[in-house]
Amino acid sequence: MADIKDPENTIIITLKDGPVVIELLSDVAPKHAARMKELARAGAYDNVAFHRVIEGFMAQTGDVANANMEKDYNPGRAGTGGSDLPDLPAEFSKLPHDRGTLGAARSQNPNSANSQFFINFSDNHFLNGQYTVYGRVIEGMEHVDKIARGEPPVNPDRMISVKVAADA
């Protein structure tokens, strides 16, 4: 396992091919980091599908309302929902959308991020300053690279479990 410096600000996502360790950037985007930890601790992300996965771009997940593959999964609505918590204000920074960074998914309103996020497959600098960067993969990117592609994928992969490292 990766050298985890701050277990309270580290997320472990279990995928079918193995664990993905994400360092949350709580100093850069404190509200987004706190939301991810809150939803992880509630078990809200467990079994949630990757509903939009574009080769060379990113893998999107986190629709806790419509994409839980064990409870009321609705592929036609996956990607349209969030949590019961209020939307988050944008926390834009100078951090680039590099390969392995975590970005907050949102609607056209910059202050509409809620529970959904994406992991960049490549450097997507055209997103810089438009989407909040709030984490980075520090181990397991090879597992992210194996996530089934599609919008939506025919047989979507899911986050089997999402835990805060301090609780794991």
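Which backbone oxygen does the side chain of Ser-115 reach at 2.7 Å? Gly-62 supplies that oxygen; the views below start with the whole model and then come back to Ser-115.

This is a predicted model, where local features need pLDDT of at least 70 and side-chain atom pairs count only at pLDDT 80 or more, while totals for chains, interfaces and linings use all residues. Residues are numbered from 1 along each chain as its sequence is written, and side-chain values use heavy atoms, with hydrogens and water left out.

View 1. An unreviewed UniProt entry carries the annotation "domain: PPIase cyclophilin-type" for residues 18-168. UniProt positions follow the numbering used here, feature names are shortened, and annotations may be inferred rather than shown by experiment. The span is 11% helix and 25% strand, and its end C-alpha atoms sit 15 Å apart. Helices (H or I, at least four residues) and strands (E, at least two) are DSSP runs, numbered from the N terminus.

View 2. Ser-115 is buried because its relative accessible area is 0%; buried means under 20%, exposed over 50%, and partly exposed in between (1.4 Å probe, protein chains only). Its side chain goes to the backbone oxygen of Gly-62, at 2.7 Å. Polar contacts like this are pairs of N or O atoms within 3.5 Å; within protein, one must be able to donate a hydrogen and the other to accept it, and residues adjacent in sequence count only if both atoms are side-chain atoms. Leaving aside neighbours within four places in sequence, Ser-115 is in contact with several residues, including Leu-39, Tyr-45, Asp-63 and Val-64; contact means heavy atoms within 4.5 Å.

View 3. Asn-114 counts as buried because its relative accessibility is 11%. A polar atom of its side chain lies 2.7 Å from the backbone oxygen of Leu-85. Beyond four places in sequence, the residues in contact with Asn-114 include Arg-35, Pro-86, Asp-87 and Ala-105.

View 4. The whole structure has three aromatic pairs. To pair, rings of Phe, Tyr and Trp (its six-membered ring) need centres within 6.5 Å; planes under 30 degrees apart count as stacked, over 60 as edge-to-face and the rest as tilted. Tyr-45 and Phe-117 make an edge-to-face pair, 5.6 Å centre to centre with 90° between the planes. That pair links distant parts of the chain, with Tyr-45 in the loop between α1 (30-41) and β3 (48-49), Phe-117 in strand β7, and 72 residues separating them. Tyr-45 counts as buried, at 1% relative accessibility, and so does Phe-117, at 0%. Phe-118 and Tyr-131 are edge-to-face too, at 6.0 Å centre to centre and 80° between the planes. Here Phe-118 is in strand β7 and Tyr-131 in the loop between β7 and β8 (133-139), 13 residues apart. Phe-118 is buried at 4% relative accessibility, whereas Tyr-131 is partly exposed at 23%.

**View 5. Arginines over rings.** Arg-106 lies over the face of Tyr-131, 4.2 Å from the ring centre. Over at Phe-121, the charged end of Arg-149 sits 4.1 Å from the centre of the ring. The rule for both is NZ of Lys or CZ of Arg within 6 Å of the ring centre and within 35 degrees of the ring normal.

**View 6. Two nonpolar cores.** The largest nonpolar core has 34 residues, and Ile-11, Ile-13, Phe-117 and Met-159 touch the most other members. Helix α1 gives the most to this core, with four residues. A separate second core has five residues, among them Phe-57, Met-58, Ala-105 and Phe-118. A core is a set of buried Ala, Val, Leu, Ile, Met, Phe, Trp, Tyr and Cys residues joined through side-chain atoms within 4.5 Å.

**View 7. Asn-120 and its polar partners.** Asn-120, in strand β7, is buried at 0% relative accessibility. Its side chain makes polar contacts with the side chains of Thr-101, at 2.9 Å, and Asn-124, at 2.7 Å.
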